[in-house]
Amino acid sequence: MPHTPPANDYDVVIVGASFAGAACALAAVQYGLRVCVLERKTDPGERLHTTGIVVKEAMEQTWLGRMPDHLVQRVARVRLYAPNLHNVLLTAPGYYFLTTDTPNLMRWLASELRASGVDLRLQQSFTDACRDGDAWQVEGVGRTAYLVGADGARSRVAQRTGLGQVRDNLYGVEREFAGVQLPEGDALHCFVSRRFAPGYIGWAAQNPTGVQVGLALRHDPAHARAPDIEGFLEHVRDVVGLPHSAQVAGTRAGLVPCGLPDGPITAPGVILTGDAAGVVSPLSAGGIHSSWRHGWAVGDAIGLHRRGTGPAAEQVARQAAPTHRKHMLRWAMDHLQRDWPVNALLRTGPMRRLAEQIYFHRRGVRM
């Protein structure tokens with residue numbers, strides 16, 4: 001008698017319920033697929049690794065435009081500071097950012113998944129998976145046609161399935177100050193400083209519940225150093241108007257990819273997305289919008305392919321992934337960053353135009 005392959009429990013199992021994983025799930029479930037999302041945390045709003053700052057494009061072009069008003073605050077300007085704290089105000093007509101109540105935003109996303117029919121399993125980690133004919137057998141879950149790793153810079157899905165892993169990372173830390181109001185709350189305050197943030201920047205921003213202050217630096221596993229967040233706070237506190245009486249309400253920390261994986265992001269039936277696939281800008285490390293778009297493209301491609309009307313989802317995932325043409329700028333930030341040129345040139349026309357290209361996505365430069 002001919003062998004009948006076992007039925008799949010799911011069309012797609014997604015590991016990680018952050019932005020890329022949520023986007024993938026929401027796109028796939030619209031095709032009537034059986035979608036399961038594994039999230040190791042009990043509460044999707046705890047132990048976050050993201051600043052939660054959303055760009056205009058994400059608000060206007062994606063599902064994130066449905067975010068409840070009380071979870072977001074519009075920020076229309078950027079105040080950029082040199083290491084000596086001289087600064088310049090950057091604007092672009094019609095452009096804005098959104099800071100968010102990120103813990104409750106992630107909880108809202110979880111509720112959107114469940115309302116859309118996704119089987120969201122909180123407090124369930126991905127442990128292992130093996131190929132089973134034309135499907136994947138996911139330990140503790142069942143058999144699935146597709147396995148998607150949206151599980152961050154140290155993706156266990158990538159490790160277990162032999163896909164590429166991101167080796168180039170920043171390490172960031174951010175402090176939350178609840179109930180505090182900055183004097184200039186409609187600006188995103190960004191600080192260039194080789195002392196505090198080699199290879200990246202520091203920042204302070206008003207959000208719907210208070211103020212967030214953070215910085216990130218290039219992560220070298222062989223000579224890892226923790227960001228000096230306390231020193232940075234003292235450096236910027238007075239210039240942004242953060243009261244000395246403000247109490248820390250929470251801390252976020254973690255790795256942020258700033259490069260591509262060292263191998264493929266797909267194999268038959270398995271796809272990486274979001275941070276696991278290096279879907280961030282190598283220059284700015286901005287990732288929410290690009291992660292959402294890539295995750296959605298993957299979920300949509302899986303849906304079309306499962307319904308017999310689209311190309312292989314693996315092919316779409318590779319084509320939708322960034323190529324990072326800005327590696328030269330990333331290299332310059334890593335190796336050529338000096339404080340004195342920024343101190344001297346911050347207020348010049350060329351430096352201002354470069355900053356506006358980076359922050360406001362002008363002339364094709366994207367975060």
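This is a predicted model: local features need pLDDT of at least 70, side-chain atom pairs count only at pLDDT 80 or more; totals for chains, interfaces and linings use all residues.
A residue counts as exposed when its relative accessible area is over 50%, as buried when that area is under 20%, and as partly exposed in between.

**The whole protein**

Begin with the entire chain displayed as a cartoon. Ten helices and 18 strands make up the protein. Its radius of gyration is 21 Å, close to the 21 Å that the globule rule gives for 367 residues, so the protein is as compact as a globular protein of that length. Along the principal axes, the C-alpha trace spans about 80 × 40 × 40 Å.

Of the 367 residues, 55% count as buried.

How much of the contact total, at a separation of 6 or more, comes from residues 24 or more positions apart? Such residues account for 74% of those contacts.

Select Gln123, in the loop between strand 8 (119-122) and strand 9 (129-132). Its relative accessibility is 59%, so Gln123 counts as exposed, the cut-off being over 50%. The backbone deserves attention here: Gln123 has a positive phi of about 60° although it is not a glycine.

Now select Leu85, which is found in the loop between strand 5 and strand 6 (87-90). Leu85 likewise is a residue other than glycine with a positive phi, in this case near 75°. With 21% relative accessibility, Leu85 counts as partly exposed.

**Helix 1**

Move to helix 1, residues 19-29. Are its residues mostly covered or mostly uncovered? The helix is mostly covered, as eleven of its eleven residues are buried. Among them are Phe19, Cys24, Leu26 and Val29. To see what surrounds them, display strand 1, strand 2 (35-39), helix 3 (102-115), strand 11 (142-149) and helix 6: the buried residues of helix 1 pack against these elements.

**Ser116**

From helix 3, continue to Ser116, in the loop between helix 3 and strand 8. Ser116 counts as partly exposed, at 28% relative accessibility. Which residues does Ser116 touch, leaving aside those up to four places away in sequence? They are Leu26, Val29 and Trp63. Two of these names belong to the buried set of helix 1, namely Leu26 and Val29. For a distance check, draw a line from Ser116 to Val298: their C-alpha atoms are separated by 17 Å, and the two residues are 182 residues apart along the chain.

**The aromatic pairs**

Trp63 leads to the next topic. The structure holds six aromatic pairs. A pair of aromatic rings is described by the distance of the centres and the angle of the planes.

Select Trp63 together with Trp296. This pair is tilted, with 6.1 Å from centre to centre and 45° between the planes. Trp63 lies in the loop between helix 2 (56-61) and strand 4 (72-75), whereas Trp296 lies in helix 6 (residues 288-306), so the pair ties together parts that are 233 residues apart in sequence. Trp63 counts as buried at 12% relative accessibility, while Trp296 is partly exposed with a relative accessible area of 24%.

Then select Tyr81 and Phe191. Their rings form a stacked pair, 4.2 Å from centre to centre with 15° between the planes. Tyr81 belongs to strand 5 (residues 77-81) and Phe191 to strand 13 (residues 187-191), so this pair ties together parts that are 110 residues apart in sequence. Tyr81 is buried at 1% relative accessibility, and Phe191 is buried at 2%.

**Ala7**

For the last stop, select Ala7, in the segment before strand 1 (10-15). Ala7 is exposed, with a relative accessible area of 66%. What is the distance in space from Ala7 to Pro103, C-alpha to C-alpha? It is 37 Å, and Ala7 and Pro103 are 96 residues apart in sequence.

Technical notes: Residues are numbered from 1 along each chain as its sequence is written. Side-chain values use heavy atoms; hydrogens and water are left out. Helices (H or I, at least four residues) and strands (E, at least two) are DSSP runs, numbered from the N terminus. The radius of gyration is taken over C-alpha atoms; the globule rule is 2.2 Å times the number of residues to the power 0.38. Buried means under 20% relative accessible area, exposed over 50%, partly exposed in between (1.4 Å probe, protein chains only). Contact means heavy atoms within 4.5 Å. Rings of Phe, Tyr and Trp (its six-membered ring) pair if their centres lie within 6.5 Å; planes under 30 degrees apart count as stacked, over 60 as edge-to-face and the rest as tilted.
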